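This report goes through a structure shown below, one topic at a time. Please keep the sequence and the model at hand while reading.

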There are 2 protein chains.
Amino acid sequence: VTGALTNAQFLLDRHPDGTLLESHFRKVVSPIPIPRGGQVLCRTLFLSLDPANRAWMQGRTYRDQIRAGEVMSGFTLSEVVDGRQGGISSGMIVACEAGWQEYAALPASDLRKIEVRGALSHHLSVLGITGMTAYFGLFEIGRVCPGETVVVSAAAGATGNVVGQLARIAGARVVGVSGSDDKNRILEDELGFHGTVNYRSERFLEQLKDCCPDGVDVYFDNVAGEVLAAVLLRMNTYGRVVCCGAVSQYESTGRPAGPPAVPGLIVTRRLRMEGFIVTDFRQRWEEAIARLSGLVDDGRLRVIEDIWDGLDAAPAALVDLLRGGNVGKRMVRVADSTEGTAS
Amino acid sequence: VTGALTNAQFLLDRHPDGTLLESHFRKVVSPIPIPRGGQVLCRTLFLSLDPANRAWMQGRTYRDQIRAGEVMSGFTLSEVVDGRQGGISSGMIVACEAGWQEYAALPASDLRKIEVRGALSHHLSVLGITGMTAYFGLFEIGRVCPGETVVVSAAAGATGNVVGQLARIAGARVVGVSGSDDKNRILEDELGFHGTVNYRSERFLEQLKDCCPDGVDVYFDNVAGEVLAAVLLRMNTYGRVVCCGAVSQYESTGRPAGPPAVPGLIVTRRLRMEGFIVTDFRQRWEEAIARLSGLVDDGRLRVIEDIWDGLDAAPAALVDLLRGGNVGKRMVRVADSTEGTAS
C-alpha cells in the first residue's frame, strides 16, 4: 500500500435542521481500516456529490438515514489496494459507497467492477449512477417518443443535462428549467436544448408556456415544489411525470404541500406520475453503459463535469451544490490512481 | 310513440360556487324534439347520477364544461322511439348521454346498443360505465395481484363497491374507506370486504394502519383530499395509486393543495399514480361486460343499486349523492320501457 498510513474522514457531526452548512461536518483522522472476513480495502479516487446526499440526512428513504457521528455517506470510484480477503485483484477500479474518507474496508459483494472507458471520472457522471438515472428514467419511466416535448428541471445538473441531451438524441423537443440564465445559455448553446426557462424569473410561467407551444408530454422532475406544480398544468393528455428527485424540499423543515393539480389533473388528463430508483434497473446497467459510451465516443453526448480537488473540499462542494452552484456532475478528486505508478 | 307529447327537462339554471343545491336546477317543459339529419329520437328510461356530474360543472375536464342554461348532462339508458333517420330499429335499448330530460334527439353514432342481460338497470351499474371504471381501473391501472392489499375509497359508492368485490375475487385483501359505519357494515357483512375504515372517525389514521398490517399495494382513489394523503403514507414500495376521481374536491372553490407525500414518497417508494377515463378502454368494454355478467350470474359479484323514481327526483338525488347519501349505484328511473306494451 502506497500513500498515507492514516485515513482522513468527514463525519456528519450534527443533524442539519433546514439549511446544510459546512459546519455540520467534522474532519477526523483515523487509522487505515484493516480488512477482515471478506472485506476489501479500497482507496477513494473520486467522491460523488449528489443532492440525494442531503435527502439521506432527512430520514429513512430507500436506505437508512445518515446519523450524526457517522462517516458521511457518498458514492465513490475507488481502487482496490488490498483485495486478498475478498479474492479481488489489487489495482482493480470499483464503484462503491466508501463515503467521505480516503480509505474504506468494504464487503467484496458491495463493489461493482468498472471496465474503464475513457476518462475515469466519466464512470461517476454519464457512465455512472447519474447517467443510469437519466437513461432509465427517461426511456423506461418517461417512455419518450420522437416529436414529443420533454421538460427537465435542474437541467444543468448532473442528471438533468444528460436527460436533456438524450431526449434530443431521441428526437424530442427539449426544454430545460434551471435557476440561472448563464446555465440556460450553456444548455442551449452547447448541449442543444431547444428552449430554456429560468424558474427564478418573474415571467417563469409565461416563458414556460411560450417554450412549450404544444404542451408537455414528459416532465423529468428533479426538484418538486413550484416547478412541478407549474409544469403539471401544461401536461398533455397521457403525459408522464418522471419523479426522480425533490431537491427543492430536501432542506424543508415542515411537510411541504403537494402540487394542487394532484390528483385532479391526473384524472382528467390521464397523467402518470411514477417514481424510480436507479438500482431498480441494476440488471440492465451494462446495456445502458454501452449505449451511453457509444454516444460519448460519437460526440453526440457531451460530458459535463465539475470536479473539485481534495477530500477537504467535500463539505463546501456539497453545500454549494444544494444552492445550485454546479454545472454538470459535481465530484471531488480525492486521490490519483496508483495504477502504473506503484508496484 | 306512446306517452307525453311534451319533454320535461332540467336545466342547470345557475353555476354553483361551492355546494350544489337543488335550486341550481330549473325544470322546463319543451316540445319533444324532432330528429333531423341522422338523429335518433330517444326516450330516457334510466338516468345515471355520478359524482363526475358535479366535476363537469367546475370547468373543462375531459369534456366541455356544463354551462348555466343548458340541459343538465347525464348518462342514460334510453329506448329508441324513432330511429328512421339513423337507420336504427325502434325499441332498441341504447346507452347514451341524453341528459336530464325525457326525450333527446341524438346522432346515431353517439348511441351504444345494449344487449340486455338480466335487469336493465344493471347496464347503468355493474355492466355500465360504473362497472367498466372499476374493472379497467383495478386491473389495467392498478394491476392487482393475489395476496396484495387493496384500499378503495368511496367504497360503498357505485364504483367503489365493485372495485372491492372484484379485488376480493382476484385474491386480494380488500379494505374499504367510507364515511359511515352503517355503510361499512354492509361492505363487510354483505360484500365480503376484509376490513373497513370510517374516514370521519377521529381514529381514522390508526384504524387505517390496523386494517393494513402489510401496507397498501393498490389504492383506488375516488375522493382525493385527506383520505388520499393518509393512504399514500401507507403505500408499499412499487405501490400503485389508481386516480379515478376527486369527489372531496368537486365543490371546492379554491385550488386545494395536493398531498404532501407527492412527489417525495413517489420517488423513495417508487409509486405510480395514474389517472384514466373509462372511455380510454372503450375497445375492450364488451370483454369486461361479458366477464362481469358472468360473475353476477354466478352470484360472486353482488349488484347494489339505489334507484329513485321519476325525473323530478334527479336534483335531490344528485345533491344527496354528493353528500355521500348513496349505497351502490344511484340512478333515477325516468320511464318504463314500452317494449312489449306498445306496438
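## Contacts between the chains

Between chain A and chain B there are 2 salt bridges. In one of them, B:Asp280 pairs with A:Arg270, and the closest N and O atoms are 2.9 Å apart. Side chains of opposite charge can pair when their charged atoms come close. Polar contact links 8 residue pairs between chain A and chain B, counting pairs with both residues at pLDDT 80 or more. These values come from a predicted model.

Which elements of chain A supply at least two residues each to the side that touches chain B? They are strand S12 (235-243), helix H7 (264-268) and strand S13 (272-275) of chain A. S13(A) gives the largest share of that side, with 4 residues.

## Extent of the interface

In all, 34 residues of chain A are in contact with 34 residues of chain B. The area buried between chain A and chain B is about 2,500 Å², and carbon and sulfur atoms give 64% of this area. On the side of chain A, the residues that lose the most area to chain B are A:Pro263, A:Val267 and A:Arg270, which together make up 21% of what that side buries. A:Arg270 is also the partner of B:Asp280 in a salt bridge.

## How the two copies are related

Two copies of a chain are related by a rotation about an axis and a shift along it. Here, chain A is superposed on chain B by a rotation of 180° with 0.0 Å of shift along the axis, at an RMSD of 0.0 Å. The two copies are therefore related as by a two-fold rotation axis. A:Gly258 is the residue of chain A that comes closest to the rotation axis, with its C-alpha at 1.9 Å.

Why do the copies meet through the same surface? They do so because 100% of the interface residues of chain A are also interface residues in chain B.

## The sheet and its helices

An open sheet of 12 strands, with mixed pairing, has the order S10(A)-S9(A)-S8(A)-S11(A)-S12(A)-S13(A)-S13(B)-S12(B)-S11(B)-S8(B)-S9(B)-S10(B). Its edge strands are S10 (195-198) of chain A and S10 (195-198) of chain B, each of which pairs on one side only. From one strand to the next, the twist averages 15°. Within chain A, strand S8 (residues 149-153) and strand S9 (residues 173-178) pair in the parallel sense over 5 bridges. A:Val150 stands opposite A:Val174 in S9(A).

In chain B, helix H3 (residues 158-169) lies across strands S8, S9 and S11 and runs at about 170° to S8(B). Helix H6 (residues 225-232) of chain B lies across S8, S9, S11, S12 and S13 of that chain, running at about 170° to S11(B).

## A salt bridge within chain A

Over all chains, the structure holds 41 salt bridges. One of them joins A:Arg63 to A:Glu97, with the closest N and O atoms 2.4 Å apart. A:Arg63 lies in the loop between helix H1 and strand S4 of chain A, and A:Glu97 in the loop between strand S5 and strand S6 of chain A, so the pair ties together parts that are 34 residues apart in sequence.

## Backbone details

Most residues other than glycine have a negative phi, and most peptide bonds are trans. The peptide bond from A:Val262 to A:Pro263 is cis, with omega near 5°, and A:Pro263 is found in the loop between S12 and H7 of chain A. In chain B, the bond from B:Val262 to B:Pro263 is cis, with omega near 5°.

A:Tyr238 has a phi near 65°, a positive value in a residue other than glycine. The place of A:Tyr238 is in strand S12 of chain A.

How values were computed. Residues are numbered from 1 along each chain as its sequence is written. Chains are lettered from A and ligands numbered from 1 in the order in which they are written. This is a predicted model: local features need pLDDT of at least 70, side-chain atom pairs count only at pLDDT 80 or more; totals for chains, interfaces and linings use all residues. Side-chain values use heavy atoms; hydrogens and water are left out. Two strands pair if DSSP finds at least two bridges between them. Axes are lines fitted to C-alpha atoms, for helices over the stretch in contact, and angles run from 0 to 180 degrees between N-to-C directions. Contact means heavy atoms within 4.5 Å. Copies are superposed by least squares on the C-alpha atoms of residues with pLDDT of at least 70 in both. Buried area is the accessible area (1.4 Å probe) that two parts lose on being put together, summed over both. A salt bridge is a side-chain nitrogen of Lys or Arg within 4 Å of a carboxyl oxygen of Asp or Glu. A polar contact is a pair of N or O atoms within 3.5 Å; within protein, one must be able to donate a hydrogen and the other to accept it, and residues adjacent in sequence count only if both atoms are side-chain atoms.
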